[in-house]
Amino acid sequence: MDINQLQRISNNEWQIDAHAGMRVPALIYASEALIEDMDEKVYQQVTNVARLPGIVKASYAMPDAHWGYGFPIGGVAAFDADQGGVVSAGGVGFDISCGVRTLHTGLAIDEVMASQRALADLLYQHVPAGLGSTGNIHLNNKQMKAMLEGGAAWAIDRGYGEREDLLRIEEQGCMPGADPSQVSQFAKKRQQNEMGTLGSGNHYLEVQKVVEIYDADIAQRFGVAQDDIKISIHCGSRGLGHQIGTEFLKLMVASAKDHGIKLPDRELACAPILSEVGQQYLGAMRAAINCALANREIITHLTREAVHRLFPQAKLDLLYDVSHNTCKQEQHEIDGEKKQLYVHRKGATRAFGPGHPELPAELREAGQPVLIGGTMGTASYILAGTEQGMNLAYGSACHGAGRSMSRRQATRQWHGGQVIQDLAERGIVIRSPSKRGVAEEAPGAYKDVSAVVASAQAAGLARLVARLEPLICIKG
Amino acid sequence: MNAARWEHFEHKADIGIRGYGNTLAEAFEQAAIAMTTVVTDLSLIHAVTPIHIRCADRDHDTLFYDWINALIYEMATRKMLFSQFNVEIDQERLSATATGEAIDIEQHQPSVEIKGATFTELGVYQEDGLWVAQCVIDV
């Protein structure tokens, strides 16, 4: 992106003044180097979002922003329903409530490394991954409805997961306002055999070691210490979310037209929050959030089973679970006034600051854990939400690295077998059903996640807490 | 000369599929091949079992969006991959046969699961006397 189009507020905050139909300014939180590396499309998309009805304060792009569908990936925008505000399927994304959760293990590096391959095999056998894989859970219509209403709590009621986990999940593991009747039969059918599956693409399950602590106080509150072994899971709402996304994208193109909303780009398809389509989408999308939460809870259960086979003493408590493709109704202070807003986070992590009532008591003083996934050869980060961040972009931060190279380019540059071997030499064990998939996900095909989190911290969006590096990666 | 061919086009996070043909239907068939090759090599899929797909919509763009999404849906729910496509289009109604086989991880080495067609770079148009159908797919 040409940085000369932007007005510098600080080294990590850049503004585009409202012009040409923009209702609010656009703000990009990123370093100069990250902005220069960003696609020009991000400029177009972040300014297009600023043109939508009912948008409040500004349209935001996070440090990892890249070309998305209507909204940039790494985009945050809030809408006021009473001001004609809209909800957008593209502003949430196809993989509704895709997210990351991190588990403690209580295991020491030495014992894990002594059984590294055995643990990788067990996890790979236990957690279904990759295209065409199915879980052991098959849902009939009644169970599907209960799952879509109950989220992670539904999974726990069925024996998948621990009750205490719920406190460590956004919305306590159950998104209110879900309406399974707005989820099509097609979406339900796509999901009926997919509960507890990881999926493919950039989704993964990783065993990680903590290699660096940046904030000792918050790390302690999070239960994160140097050399700890953690397990992180990255996946979303599977086929159900994808189907809801594709169906509503089309419906919203028509709805926007019906409501006289001029779309600068067809992909920005949206519907007024208070319209029929808007409410239908919110009901379906919230059901998909519950699907993602249930899915990650089941995978957590499978992970615990696998780890306990080798390490019966392991304690796999949940550190936290974040979703980075959502639209949520939240209360925020705008010019001294408390308002209910619909906050879209597309490829952006919620990052509530210290003291926020949504946070569980043990984490409230520290701020929300913000879990940032890396690649199978680099690092993941744990950050914490800040007070300042609440006023910057509605308590939001980045979500990951973002690709620097297309999948096709990656397969031309690397072979899966070679990537696996190179990583093995560095002490990282990969298990995946597809060598081509591994090549497409090669660490070199991604941007430097370290630069992204450093910029998020410098901008004040979140505070760095710890850095984790992979030991085992199960890739879908 | 047979103009039927397909290609991928670049999108950082995802990938674009594009089909060319002498007819609209042929461009749709070629785009379906382009989509399949995002997942695996076409030569690895045996055309054994045919399935039928029908869709209808108000214009060529949305009909193409429906076609690709219908294929993604069949791939996901039947756990199949398809290598041969036979499309007929009458006005805004599409009737097609996709032929393929059940996914075999060892045999097909599928790289990604396709989430859906998108409106990004979605277009059905004529260029130099050929029909072109394209969009970015979310993977």
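Reader: What volume does the second largest pocket have?

Author: Keep in mind that this is a predicted model. The volume of the second largest pocket is about 370 Å³.

Reader: Which residues lie nearest the centre of that second largest pocket?

Author: Its lining has 16 residues, and those nearest the centre are A:Phe186, A:Gln243, B:Asp66, B:Asn69 and B:Ala70. Two or more lining residues come from each of α9 (238-258) of chain A and β3 (49-56) and α2 (60-78) of chain B. With six residues, α2(B) gives the most. By class, the lining of the second largest pocket has six nonpolar, five polar and five charged residues.

Reader: How much space lies in the largest pocket?

Author: The largest pocket holds about 480 Å³. Of the 21 residues lining the largest pocket, A:Gln331, A:His332, A:His356, A:Pro357 and A:Met390 lie nearest its centre. In chain A, β12 (325-334) and α12 (387-392) each supply at least two lining residues. The most come from β12(A), which gives six. The lining of the largest pocket divides into eight charged, seven polar and six nonpolar residues.

Reader: Now the single residue. Is A:Thr349 buried or exposed?

Author: A residue counts as buried when its relative accessible area is under 20%. For A:Thr349 the value is 0%, so A:Thr349 is buried. A:Thr349 lies in strand β14 (residues 349-350) of chain A.

Reader: Which residues is A:Thr349 in contact with, leaving aside neighbours within four places in sequence?

Author: Among them are A:Val322, A:Ser323 and A:His324, as well as A:Val370, A:Leu371 and A:Ile372. The contacts of A:Thr349 also include A:Gly395, A:Ser396 and A:Ala397.

Definitions and conventions:
Residues are numbered from 1 along each chain as its sequence is written. Chains are lettered from A and ligands numbered from 1 in the order in which they are written. This is a predicted model: local features need pLDDT of at least 70, side-chain atom pairs count only at pLDDT 80 or more; totals for chains, interfaces and linings use all residues. Side-chain values use heavy atoms; hydrogens and water are left out. Helices (H or I, at least four residues) and strands (E, at least two) are DSSP runs, numbered from the N terminus. Buried means under 20% relative accessible area, exposed over 50%, partly exposed in between (1.4 Å probe, protein chains only). Contact means heavy atoms within 4.5 Å. On a 1 Å grid over the protein atoms alone, a cavity is a set of points where a 1.4 Å probe fits but cannot get out, and a pocket is an open set with protein on both sides within 12 Å along at least five of seven lines; lining residues have an atom within 4 Å of a point. Grid points are joined across faces, edges and corners, and a volume is the space filled by probe spheres set on the points. Ala, Val, Leu, Ile, Met, Phe, Trp, Tyr, Cys and Pro count as nonpolar, Asp, Glu, Lys and Arg as charged, and the others, Gly among them, as polar.
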